[in-house]
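I opened the model today and kept notes as I went. What follows is the order in which I looked things up.

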2 protein chains.
Amino acid sequence: MALNHIIMQSDNCDPDRPAHPGIFPTSEAGKSGHKPAERSVDFPVSVVLPAGGTGERTGLLTPKQFCSFLGRPLISYTVQAFERVSWIQNIVVVVAKESMDLMTDIIQHYQHRKVRVVPGGSTRHRSICNGVMALGGEGEGEAAAADRPKVVIIHDAVRPFVEEDFLYKIAMAAKEQGAAGAIRPLVSTVIATTVEGYLDHSLERAKYRASEMPQGFTYDVIYQAYQKCTESDFEFGTECLHLALQYCGTNAKLIQGPPTLWKVTYKRDLAAAESIIKDTLSQSACIVTGRSAQAVTLADALQKAVGALNMELEVIPDLMGENASYLLKEWNFIQVSVNCSSLSEVEALLRDLEAENRALLHPVVVIWVYLGCQDEPSIRGSRVEPSGIIELASAAKLQNLLLYGIQLHHSKDTECWERSVLKVAEITSALIRDRSPALVGQLLQA
Amino acid sequence: MALNHIIMQSDNCDPDRPAHPGIFPTSEAGKSGHKPAERSVDFPVSVVLPAGGTGERTGLLTPKQFCSFLGRPLISYTVQAFERVSWIQNIVVVVAKESMDLMTDIIQHYQHRKVRVVPGGSTRHRSICNGVMALGGEGEGEAAAADRPKVVIIHDAVRPFVEEDFLYKIAMAAKEQGAAGAIRPLVSTVIATTVEGYLDHSLERAKYRASEMPQGFTYDVIYQAYQKCTESDFEFGTECLHLALQYCGTNAKLIQGPPTLWKVTYKRDLAAAESIIKDTLSQSACIVTGRSAQAVTLADALQKAVGALNMELEVIPDLMGENASYLLKEWNFIQVSVNCSSLSEVEALLRDLEAENRALLHPVVVIWVYLGCQDEPSIRGSRVEPSGIIELASAAKLQNLLLYGIQLHHSKDTECWERSVLKVAEITSALIRDRSPALVGQLLQA
């Protein structure tokens, strides 16, 4: 086709995926060479996450914060983004009364620590205020004051991709200035309308910014702001920075955040969020070869081929000794079997992953690649019966482990062999990217 | 699992997919019962699509408008959204000089009509101005004036989901008022910053709106605005409504548009756009049973099962007579074969689709469901050889036809049979939704 040069993956376009994915503990975020030096915060920092939206305003069946991404509710991703930051001491999630049980279930199921659930109020400010009050030690004494955080970070439950680096900037600026907030450039021109619905005037875009989250405050500033503000503020206001300015005279420091700070608002944002999560989970895989020279040759060829598809492949003989660490950090595994249609190696891998509870937060992909040989007595005889892998995959799926199979035959015809390897790479890359539960247990042909 | 009630598809959440998908001719947009009465526009309307962005500002390798979605550049979707509207007479696409050939190739390849390509200027306003000037008849005479449109609609190349209904509102308001523009509520609070980067004040959100596209103008208003505006406007301005107000005294009528009008800006927006397109293409499928009673029974069961997955299934015996119309409007076909592992029926279907050039604009999914019977001499003997479907799928893929196979066996055990049917439904739904080119030719097991 003449248009090949324009037929490109959208992946080639501007990435706004997090450089250090907020959905992972920092230690798992891929190449450590790019990791910024950890910066210490020597004062107590707490987080308030208002998650009280009932979805009524947008007519949702489910509030966005409870919508599932790869089987896990959005709020859990956001909680995790804060939990992984060592200098954040506790997280108060404020939810509608009717969601208290659900939120408690989520915290238990995904084994979140540092988290307390607090009932929300009838408006956003009332909910945030409840969260802030829940952070203050009881009473007025010194002991109570000692329990209070120095800085409170307020964030939205529906902005799951916040990074430690940016939280650090907000916390430091809040401590210094009393208040700090994330901003982004405006995407659209902002206009003022007449009451009749006509253009009154347009604002000069360069002078204004969109106010986003997270925002940070010293405990004293945010506490005072909520003590002094009016019923009308509680009822109609939305902007904490405004209260800090009006009631404490604090001009917040504004810091430009990355585009990934955006707020999941419309249905299209759900697809966008899922895509960012999938991208992050499909950056690398680990291929286990055993001792077979043929398997190593295949693995090396695959490494090159999936590399061209923007995925890094780590080739290892087994998961023993030092290599066992992959069980703690990798989200995708490929097990190569040569001339042996037994699934025992894959079974062992699945057992190891299950023992580590590896798939608690994200589904883990396991691909069994079966390499048959041309010089076997009969090609047909070497064909694997699909029933074994189907059963194994059904059981693994209950543990959030997604098992797929790919079968290929060794060929002495170089061209034919290279085509097969390329096919395995394409299928592998698609399976890892899509993480489709409907296709587990399938034995695909390369 | 105790959390089953929160594990839901994000599809259950607020749909912001177009009610009448802009990516299809209206006649193909599903149930005609929901189609609004066509409203006539009795004056000439033209469109200017500035598509001159080079992606430099965002550091893209490819400008967004040329990024591919299911193999087709975004700009082609946007052009199609206007082309399908009967009362729009012509479309001027303004692109950077270095993209003229690419844009011409796109128009030829996707067989767009009504479209002219014009070279852009160094800024957004210069490009739009070039487009508007290209619409004016040459010279000053009456003949020249007769060529000019009454109303010019200006839209962004990177907002592909614009609907006929909304274009109608803009065109009518523009004719009446001289200018009209789409608006959306602000998602974030807008704040003014001091030069030092501190909060100056925040705007009252309710009084302001985001100015979006499309915008409409009478030819006279937009022509005069560009004649009178200054070099500084050309250099730094972005908002056409502002020029109409400042130089022609025209207060534009503002009309709230649907959320799908949003501008594809960040990488996450590419994923969101792709998801909207895929959703729209996977609303329904057509299942062809032939005359076999077993096939009809399977089809009826599948209809119910995929219905529960939010996909409509039309059961038909063949594609002859009236049913041939499905070849012109359906994006997904399922061909059932009973006890006959020959691919001849599927081959015929692929030939028909190819003859209609059906997959010109979107990849068409064809799923071959092979139903084997338990009482055949040997289950193993009834297994289909995968090589036939692999070759057929490779050839079909070159025509943008994505062929997959699913094999299931009839069972007299009701529970076992129902499980198989459910599995076929799940796989079918996933294949249609994902449209994965990497998995074509695979014979999956249900």
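Predicted model: local features only at pLDDT ≥ 70, side-chain atom pairs only at ≥ 80, totals over all residues.

**Entry 1: core**

I asked which residues have the most contacts inside the largest nonpolar core. They are Ala244(A), Val366(A), Leu403(A), Ala244(B), Val366(B) and Leu403(B), in a core of 260 residues. I then listed what Ala244(A) touches, leaving aside its neighbours within four places in sequence. The list holds Gly178(A), Ala179(A), Phe217(A), Val221(A), Ile222(A), Ala225(A), Thr250(A) and Ala252(A).

**Entry 2: chain A overall**

I counted 15 helices and 17 strands in chain A. Of its 446 residues, 49% are buried. I took the contacts in chain A with a separation of 6 or more and checked their span. Residues 24 or more positions apart account for 74% of them.

**Entry 3: strand β1(A)**

Is β1(A), residues 45–50, enclosed or open? I found 6 of its 6 residues buried, so the strand is largely enclosed by the rest of the structure. I checked each face in turn. Val45(A), Val47(A) and Leu49(A) are buried on one side. Ser46(A), Val48(A) and Pro50(A) are buried on the other.

Next I looked for the pairing partners of this strand. β1(A) pairs in parallel with β6(A), residues 151–154, over 4 bridges. There, Val45(A) has Val151(A) as its bridge partner. β1(A) also pairs in parallel with β4(A), residues 88–95, over 6 bridges. In that pairing I found Val47(A) opposite Ile91(A).

**Entry 4: the six-stranded sheet**

I traced an open sheet of 6 strands in chain A, with parallel pairing. Its order is β13-β12-β14-β15-β16-β17. The edges are β13(A), residues 312–316, and β17(A), residues 443–445, each pairing on one side only. The twist averages 25° from one strand to the next.

Inside the sheet I picked one pair to follow. β14(A), residues 332–338, and β15(A), residues 364–372, run parallel and are joined by 7 bridges. Ser337(A) has Tyr370(A) of β15(A) as its bridge partner.

Then I asked which strands helix α10(A) touches. This helix, residues 293–307, packs on the sheet against β12(A), β13(A), β14(A) and β15(A). Its direction makes about 165° with that of β13(A). Helix α15(A), residues 414–434, lies across β12(A), β14(A), β15(A), β16(A) and β17(A). It runs at about 170° to β16(A).

**Entry 5: helix α6(B)**

I moved to chain B and helix α6(B), residues 219–228. Tyr219(B), Val221(B), Ile222(B), Ala225(B) and Tyr226(B) are buried there.

α6(B) and α8(B) pack at about 80°, with their axes 9 Å apart. That makes α6(B) roughly perpendicular to α8(B). From α6(B), the residues in the contact are Val221(B), Ile222(B), Gln224(B), Ala225(B) and Lys228(B). They meet Cys240(B), Leu243(B), Ala244(B), Tyr247(B) and Cys248(B) of α8(B). I sorted this contact by type and got 8 nonpolar residues, 1 polar and 1 charged.

Note on methods. Residues numbered from 1 in each chain as written. Chains lettered and ligands numbered in written order. Buried ≥ 20, exposed ≤ 12 C-beta atoms within 10 Å, placed from the backbone. Helix = DSSP H or I, 4+ residues; strand = E, 2+ residues; numbered from the N terminus. Pairing = 2+ DSSP bridges. Axes fitted to C-alpha atoms, helices over the stretch in contact; angles between N-to-C directions. Contact = placed C-beta atoms within 7 Å. Parallel < 35°, antiparallel > 145°, perpendicular 65-115°, else oblique. Nonpolar A, V, L, I, M, F, W, Y, C, P; charged D, E, K, R; others polar. Core = buried A, V, L, I, M, F, W, Y, C linked by C-beta atoms within 7 Å.
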